[in-house]
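Subject: Structure handover and notes

Hi,

Here is the structure I promised to send. Please open it alongside these notes.

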Amino acid sequence: MQIILPKSLVTQHGWPVGPLMAQSAHASTAVIHENYHRPEVQEYLCHLQSMRKTVLEVPDEAALKDLASKLDTLEPKIPYHLWIEQPENTPTALALMPNKRPKALKSLLEKSGCQLWR
């Protein structure tokens, strides 16, 4: 499972770590809820001790929305949830449904400038 956050929330907007963690939790919970019926999600949830998540960053909110648009064209499709924080209407986190990181997804993430959160 990949969770992507815009680094600008920290560098430009001064968000503390706690609210970023909440945004990550919102997006990951939403994508699990929306895809709970899928076998990949059931398999993921059956192995609590080996759940794997990777937190990635993109430069800003525009890059996060652009990534969501590109994910819509990915084949095979991997469901995701783009969390939009209200009332600010700001995209703050994108979580992909648990997956085995197929080559097409890995390539798309790299081309979109995603890198490990630091």
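First, a term for what follows: a residue is buried under 20% relative accessible area, exposed over 50%, and partly exposed in between, using a 1.4 Å probe and protein chains only. By that scale proline 16 is partly exposed, because its relative accessible area is 49%. Proline 16 sits in the loop between helix 1 (8-11) and helix 2 (17-34). Proline 39 is 23 residues away in sequence and 36 Å away in space, C-alpha to C-alpha.

Some ground rules. This is a predicted model, in which local features need pLDDT of at least 70 and side-chain atom pairs count only at pLDDT 80 or more, while totals for chains, interfaces and linings use all residues. Residues are numbered from 1 along each chain as its sequence is written, and side-chain values use heavy atoms, with hydrogens and water left out. Helices (H or I, at least four residues) and strands (E, at least two) are DSSP runs, numbered from the N terminus.

Start with helix 4 (residues 61-71). Its buried residues are Glu61, Ala63, Leu64, Leu67, Ala68 and Leu71. They lie on the same side of helix 4, because they cover an arc of only 160° around the axis. The arc is taken from the directions that run from the helix axis to the C-beta atoms. As background, an α-helix has 3.6 residues a turn, so residues three or four places apart point the same way.

What do the buried residues of helix 4 pack against? Their partners are strand 1 (2-6), helix 1, strand 2 (54-58), strand 3 (80-85), strand 4 (90-96) and helix 5. Contact here means heavy atoms within 4.5 Å.

Now helix 5 (residues 103-111). Leu105, Leu108 and Leu109 are buried in helix 5. Their arc around the axis is only 100°, so they share the same side of helix 5. Lys103, Glu110 and Lys111 are exposed on the other side of helix 5. The cover over the buried residues of helix 5 includes strand 1, strand 2, helix 4 and strand 4. Glycine 113 follows helix 5 and has a positive phi, near 80°.

How do the two helices meet? Helix 4 and helix 5 pack at an angle of about 155°, and their axes are 11 Å apart. Axes are lines fitted to C-alpha atoms, for helices over the stretch in contact, and angles run from 0 to 180 degrees between N-to-C directions. Helix 4 and helix 5 are therefore roughly antiparallel to each other. The cut-offs are under 35 degrees for roughly parallel, over 145 for roughly antiparallel, 65 to 115 for roughly perpendicular, and oblique for the rest.

Leu67, Lys70 and Leu71 of helix 4 meet Leu105, Leu108 and Leu109 of helix 5. By class, this contact of helix 4 with helix 5 has 5 nonpolar, no polar and 1 charged residues. Ala, Val, Leu, Ile, Met, Phe, Trp, Tyr, Cys and Pro count as nonpolar; Asp, Glu, Lys and Arg count as charged; the others, Gly among them, count as polar.

**Backbone points to check**

Most residues other than glycine have a negative phi, and most peptide bonds are trans. Here are the departures I would look at.

- Glutamate 75 and proline 76 are joined by a cis peptide bond, with omega about -5°. Proline 76 is in the loop between helix 4 and strand 3.
- Glutamine 86 and proline 87 are also joined by a cis peptide bond, with omega about 10°. Proline 87 is in the loop between strand 3 and strand 4.
- Asparagine 89 has a positive phi, near 60°. The loop between strand 3 and strand 4 holds asparagine 89. Asparagine 89 counts as exposed, because its relative accessibility is 53%.
- Arginine 101 has a positive phi, near 50°. Arginine 101 lies in the loop between strand 4 and helix 5. With a relative accessible area of 44%, arginine 101 is partly exposed.

**Two side chains**

Tryptophan 83 is in strand 3. Its relative accessible area is 24%, so tryptophan 83 is partly exposed. Leaving aside neighbours within four places in sequence, tryptophan 83 is in contact with Gln23, His26, Ala27, Thr90, Pro91, Thr92 and Ala93.

Is histidine 37 buried or exposed? Histidine 37 is exposed, because its relative accessible area is 64%. Histidine 37 is in the loop between helix 2 and helix 3 (39-45).

Best wishes
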